[in-house]
Amino acid sequence: MSMKTVTITVNGKLVRATEGEYLLKVLRREGIDVPALCQHDAVEPYGGCRVCMVEITKAEWNGWSDMVTSCLYPVADGLIVQTHSNQVIELRKTIIDLMLARNPHTPLIQQLAADYGINSTSFQPVPEPNDCILCGICTRICDTMGFHAISTVNRGHGREIAPPLGEAPESCVGCLACALNCPTNYIKFTDSGKTRTIWKKQFEMVTDKRTGAPTITREFAEYLIAHRNIPADYFDLNDESHRKETATNMGAIAAWSREDLK
Amino acid sequence: MCIIANPQELKKRHVELAAKQERFPKKVIVCCGTGCLANGARAIVDAFHAHLAEKNIKDFTVEAVKETGCHGFCEQGPLVVIEPQGTFYTRVKPKDVAAIVDKTIANGEILSPLLYKDPVTEHRIERYHDVNFFAHQSRIALRNLGKIAANDIREYIAVEGYQALAKVLTTMTPDTVIDEIIKSGLRGRGGGGFPAGKKWRTCKSVQSDIHYVICNGDEGDPGAFMDRSIMEGDPHSVLEGMMICAFAIGAKQGYIYVRDEYPLAVVHLQKAIDECEANGLLGDNILGTDFSFRIRINRGAGAFVCGESSALMRSVAGEVGEPRAKYIRSVVKGLHDQPTVLNNVETFANVPIIMLKGADWFTSIGCKNNSGTKAFSLVGKVRNTGLIEVAMGTTLRTIIYEIGGGILENRPFKAVQTGGPSGGCLPESMLDLPVDFDSLTKNGSMMGSGGMIVMDDKTCMVDVARYFLSFLVSESCGKCVPCREGLYQLHELTIKICNGEGTEEDLVRMEKLSESIIVGSLCGLGKSGPNPFLSTIRYFRDEYLAHIREKRCPAGVCKSLITYTVLEDKCTGCVACITACAYNAITGEKKKPHFIHQDKCEKCGACVAVCKFDAIEVK
């Protein structure tokens, strides 16, 4: 990608950006409040939630404008952007209203609705609401990690996130990337010291050889040792023990250096 | 089979095969399209084989029996045509074959009961081309259907097959090929109507070592079977079109995406690919030139959304078939992020004959900005249903009343739905509308891939909107919120109106919601999703208002709003309805007017169907 600097206009203000970078990134950098529910820095943009849509035009478009998802729209020179035009606000409100019908009890959606002045949905609430907003961050992170353990299943309104056939997924290593990045904490897991359970699959934990505290799952450790060039004994200690060890070593080096100076 | 080493050899092969066809003009054509096969065409072919072998009639050997692709008149199948006279027999049964052989083939006698009876004039019609259904069509994409055997490359070569490819490879450059396609004005037949040549030019201009050609055979509209029939009946014309495109854009690999519900299409396409490879028409150095190209079939699992180009490409790449935003178009970054041309089956089938006859010939057919023809599957409440192809600009009236033979039972016409589930319904006042991409879109419907459903006065337009929305709700991929949640809510609101619980505010909300779905959705499916509602409210607002204000369904369809009652002056007390009612909702004595108990009536319509005296009123 070229690194050409371009100038765009956002809500009347001139803004510099790199050609081809995604518009939402530019807007966030400028401190403009554009909501986005399916955006996550760790994964490629998706364009699913549609609340980040903005109105764009160009001088040469003769007054014609378009609505685009800013998370996916590559910036080009001369772009004129409205992030809160009437059309944008109307569309955003409808989408949030629709989301509220699906996720009426989800704090993230309730807050967003409140920000846009919506108290309750004007649509028919869905029969069995839950907290999954189908942003797909979990599945995309799982894919990015290289495990592909979960996916979206079913089409349309029946869409949900699930492992293959709804059974404990073979390729899941229990890394928790899905659960910890879920914006609504919908993905549940339990850690009971020696074991971890997620997606109906139980994992044995590797424990710190000094303190006995759990570090990561045995499968995740084996995966990282095999595929990420990490020393085989690295996971014998948890992060805290590693820090303590490093601190001790640093202290020794420091003491030794002081000795040396004398 | 052996490799055809160069264009001269192909020409020689064509001349030989065509001469052989001319030497033996006598043929028994048995339609073996999916419709006729389902009606027993296979047994008819076997019967002809058996009888012809036995009777030993001059020039009518077993070899004279030709199994062709779909003629389009599936409703009248199985179809048999005796050439060269063109005698056209419909609804043929295996037991008729002996008589056909003994009388028609041996003595030239016509078997009147097997002839097609014109539904309007009630005359028996002898010849294929005199049947109204065929007489008003002009066939380009379907040119070989019903004429050549589908699974034999020699049949295709005999009708100048692959001559367009030879012409392109020996006398043209990629740029002159694209110029010719642009000049022809060929627009994509898959729905959008984007100029094919323009697409090819952009794709060619993208610097990359790899370019792809994809043929979209994922025809998902309920009731549509245009592409299916072409793939089944004339697969080589699709392959040849793809090859010419590949030459033009510099592609070495092509894919055909076919839904797995089309098993015969998959078999015939694979056979055609194998034959091409065996004859040196696919693979390295095709016809002795530098051009190399291969084609692979990808079978889709039947998701409607996979007919959307970006979802289709993801599916070919082995990922979940979901669309992506096309701010960077697939001609620039398509399959495996490489520049890709995707056209549908019908578009590719048009390409060889355009190259052979020239762009000027093609633009002489059709109308302004809409050159050529379009295939439709004409279904619903018309007398003649089936697969048709007409010049662009033909009016809806010609299609429905000439080719289609008018409305069944002479009922009044109400609407015609074009463009598949996300298309729209056009009312009677639009019957003289020329059918082309721009006119349909301008009037709130669309061409889509060419479904055409005719409706009579017994169709409730609110119910139609509800039905198509329910299809779209279940076929939405669910990736983006406006389509997934918006269409769901729109569908819920149509159900509410069908149940007589809707309000006029609901209509306002539905119109506003539709607007948001159109603006906010990610792909074409979502953006056209509200069409069933928008086009019916545009032309049939009265019907919506009758449901809302008067709690009445004028067409007598919506169950919550209708009652079945016995008209006492007409009822003869024959007890037929009492016997037919599965819910024991009708009581009465013989020869006395019967009575329908509303608390038990399930409004199934069984009583109306059996009453010979029109004594049951639906209101």
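In what sense do strand 7 and strand 10 of chain B pair, and over how many bridges? Select residues 212-217 of chain B for strand 7, then bring up strand 10: the pairing is parallel and runs over five bridges. Keep in mind as you click around that this is a predicted model. For a landmark within the pair, pick N216(B), which sits opposite N344(B) of strand 10.

Now widen the selection to the whole sheet. It is an open one of four strands in chain B, ordered 9-8-7-10, with parallel pairing. At its edges are strand 9 (294-300) and strand 10 (340-344) of chain B; each has a single partner strand, so one side of each lacks a neighbour in the sheet. Ignoring direction, neighbouring strands here are turned by 20° against each other on average.

Next stop: a hairpin in chain B. Select strand 15 (residues 413-418) and strand 16 of chain B, an antiparallel pair joined by four bridges. One pairing to click on is T418(B) with its bridge partner G424(B) in strand 16. Five residues lie between the two strands of this hairpin, and G419(B) in the turn has a positive phi of about 90°.

Time for some helices. Show helix 18 (residues 461-475) and helix 23 (residues 541-549) of chain B, which pack with their axes 8 Å apart at an angle of about 95°. That angle falls between 65 and 115 degrees, so helix 18 of chain B counts as roughly perpendicular to helix 23 of chain B. To see the contact itself, display side chains for M461(B), V462(B) and A465(B) from helix 18, which meet E543(B), Y544(B) and H547(B) from helix 23. By type, the residues of this contact are four nonpolar, one polar and one charged.

Finally, hide chain B and look at chain A. How spread out is chain A? Its radius of gyration is 24 Å, well over the 18 Å that the globule rule gives for 262 residues, so chain A is more spread out than a compact globule. Along the principal axes, its C-alpha atoms fill a box of roughly 75 × 60 × 30 Å. Colour chain A by burial and 45% of the 262 residues come up as buried.

Technical notes
Residues are numbered from 1 along each chain as its sequence is written. Chains are lettered from A and ligands numbered from 1 in the order in which they are written. This is a predicted model: local features need pLDDT of at least 70, side-chain atom pairs count only at pLDDT 80 or more; totals for chains, interfaces and linings use all residues. Side-chain values use heavy atoms; hydrogens and water are left out. Two strands pair if DSSP finds at least two bridges between them. Axes are lines fitted to C-alpha atoms, for helices over the stretch in contact, and angles run from 0 to 180 degrees between N-to-C directions. Angles under 35 degrees count as roughly parallel, over 145 as roughly antiparallel, 65 to 115 as roughly perpendicular and the rest as oblique. Contact means heavy atoms within 4.5 Å. Ala, Val, Leu, Ile, Met, Phe, Trp, Tyr, Cys and Pro count as nonpolar, Asp, Glu, Lys and Arg as charged, and the others, Gly among them, as polar. The radius of gyration is taken over C-alpha atoms; the globule rule is 2.2 Å times the number of residues to the power 0.38. Buried means under 20% relative accessible area, exposed over 50%, partly exposed in between (1.4 Å probe, protein chains only).
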